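User: I'm new to this one and would like to go through it step by step. Could you take my questions as they come?
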Amino acid sequence: MGKIKFLQCRECKKEYAPTFKYICEECFGPLDVCYDFPSVNKNTFSNREHTYWRYHELLPIESKFNIISIGAGMTPLIKAEKLGKSLGLNNLYIKNDSVNPTFSFKDRPAGVAVSKAKEFGLSAVGCASTGNLASATAAHAAKGDFPCYIFAPSDIEHAKITQALAYGANFISVDGTYDDANRIAAQIGDSKGIGIVNINMRSYYVEGSKTLAYEVAEQLDWQVPDQLIVPVGSGAMLNAICKGFEELENISLINQVSNMHMIAAQPHGCAPIVNAFKKKLSEVTPVETPDTIAKSLAIGDPGDGQYVLRRLKQYNGFAEESNNKEILDAILLLARTEGIFTEPAGGVSVAVLKKMVDEGKIDKNDCTVCYVTGNGLKTTEVMMEVLPKPQVMQADFGKISALVR
């Protein structure tokens, strides 16, 4: 299993024992997991289960008996030839995380965090969520026999509330923004000793998202993509993907990580990182009242915002936004070219990909990976406005036959 060396502050580099801790006592910076990785090679992971736990040596769970798995990960990396042709790209891939067990990439960090909560002997888990993490945390809590507490803004999509409730979660619907829900969850977690996966378990939680780098590298035969388009809410996923590729380079499974380009995709109406990037700032100014159909990215005060800006600088990247119409158009384009139905967060990725190509920032021969993180069946309300309404007809062969060309 993954052998943790220590937790290290991302800012001042102070080291801590790998305990139930997430903030530096000296400077209040976030703590990252650092490892003594065992010796592995490209054959180590072959012929293993098709979940992200195939990389258990590189993950922060000390004993395999504490792993709580619902079968997430090893999702398809699809060569998107038809979409690529429409955009003018020869080597476009879609990393389709919409087919995970709870239908989003959040199964990765939630699974690692809930497993670590079991390892720590915690009595309950929970999360602050814009929807997808609620479902992922609740499902893993059910599998691990944990009470689960969800704190979410009251305006998230009904399908996501329904899903979390079906897994048995205690759902606290907060009259306010995600940031309001996040603040309440942090206070509850600290006062009650509950493992809030994306707050006081965050050091371990983000390790799940780095498997999005591991899988892409393995699926590309241990090659590093030239361009990666990542949807950004808190920024944790983009930062974790960078960490994942760097770890693979450190253990000599891949090389030339420094040549990849990271592209951060945010929705107009909640694009604080894009705003900071375009103004060449090192700090992010929060968006107080997010206004976008991409509710899973509607995080006005992104916890990893400044670190995304650093990653974009480190990897010669860009940050771009897309408006509601562009998002909806991109959802339909992906669905009608590749047969993948994504929620608005994935539409943001595809819309920003299109902009990058139009602006000449992606070469037609670049190996380009676009991350699609959630399933469109979770957000059908926004799509119904732009789709044709089916016409009800009598069961008359002649009349219906006339419509079929």
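User: Is Met237 buried or exposed?
Analyst: In this predicted model, Met237 has a relative accessibility of 7%, and because buried means under 20%, Met237 counts as buried.

User: Where is Met237, and which residues does Met237 touch?
Analyst: Met237 has its place in helix H8, and, leaving out residues up to four places away in sequence, Met237 touches Phe105, Ser209, Leu212, Val230, Pro231, Tyr371 and Thr373. The C-alpha atom of Met237 is also separated by 9.1 Å from that of Gly208, and these two residues are 29 apart along the chain.

User: Which residues have the most contacts inside the largest nonpolar core?
Analyst: Tyr371 is one of them, together with Ile241, Phe245, Leu248 and Met262, in a core of 45 residues. Each of the following supplies at least two residues of this core: helices H7 (211–219), H8 (236–250), H9 (272–278) and H10 (305–314), and strands S10 (227–231), S11 (261–267) and S13 (368–372). The largest share, six residues, comes from H8. A second, separate core has 32 residues, among them Ala80, Ala330, Val348 and Val350.

User: Changing topic to pockets: how much space lies in the largest pocket, and which residues are closest to its centre?
Analyst: The largest pocket holds about 970 Å³ of space, and of the 49 residues that line this pocket, Arg202, Ser234, Pro302, Gly303 and Asp304 are the closest to its centre. Elements giving two or more residues to the lining include strand S3 (31–35), helix H3 (132–144) and helix H5 (178–192), while H6 gives the most, with five residues.

User: And how does that lining divide by class?
Analyst: The lining of the largest pocket divides into 24 nonpolar, 16 polar and nine charged residues.

User: What about the second largest pocket, what is its volume and what lines it?
Analyst: The second largest pocket has a volume of about 490 Å³, and 22 residues line this pocket, with Asp32, Cys34, Lys243, Glu246 and Arg311 the closest to its centre. H8 gives the most to this lining, with seven residues, and by class the lining has nine nonpolar, four polar and nine charged residues.

User: Another topic: where does Thr102 lie, and is Thr102 buried or exposed?
Analyst: Thr102 lies in the loop between strand S5 (92–96) and helix H2 (107–120), and at 1% relative accessibility Thr102 counts as buried. The side chain of Thr102 makes a polar contact with the side chain of Asp107, at 2.7 Å. Leaving aside neighbours within four places in sequence, Thr102 is in contact with residues including Ile70, Ser135, Gln163, Tyr167 and Lys378.

User: What is the phi of Phe103, and how accessible is Phe103?
Analyst: Phe103, placed in the loop between S5 and H2, has a positive phi of about 70° although Phe103 is not a glycine. At 38% relative accessibility, Phe103 counts as partly exposed.

User: And what about the phi of Phe28, and where is Phe28?
Analyst: Phi of Phe28 is near 65°, again a positive value in a residue other than glycine, and Phe28 has its place in the loop between strand S2 (15–16) and S3. Phe28 is exposed, because its relative accessible area is 63% and exposed means over 50%.

Technical notes: Residues are numbered from 1 along each chain as its sequence is written. This is a predicted model: local features need pLDDT of at least 70, side-chain atom pairs count only at pLDDT 80 or more; totals for chains, interfaces and linings use all residues. Side-chain values use heavy atoms; hydrogens and water are left out. A nonpolar core is a set of buried Ala, Val, Leu, Ile, Met, Phe, Trp, Tyr and Cys residues joined through side-chain atoms within 4.5 Å. Buried means under 20% relative accessible area, exposed over 50%, partly exposed in between (1.4 Å probe, protein chains only). Helices (H or I, at least four residues) and strands (E, at least two) are DSSP runs, numbered from the N terminus. On a 1 Å grid over the protein atoms alone, a cavity is a set of points where a 1.4 Å probe fits but cannot get out, and a pocket is an open set with protein on both sides within 12 Å along at least five of seven lines; lining residues have an atom within 4 Å of a point. Grid points are joined across faces, edges and corners, and a volume is the space filled by probe spheres set on the points. Ala, Val, Leu, Ile, Met, Phe, Trp, Tyr, Cys and Pro count as nonpolar, Asp, Glu, Lys and Arg as charged, and the others, Gly among them, as polar. A polar contact is a pair of N or O atoms within 3.5 Å; within protein, one must be able to donate a hydrogen and the other to accept it, and residues adjacent in sequence count only if both atoms are side-chain atoms. Contact means heavy atoms within 4.5 Å.
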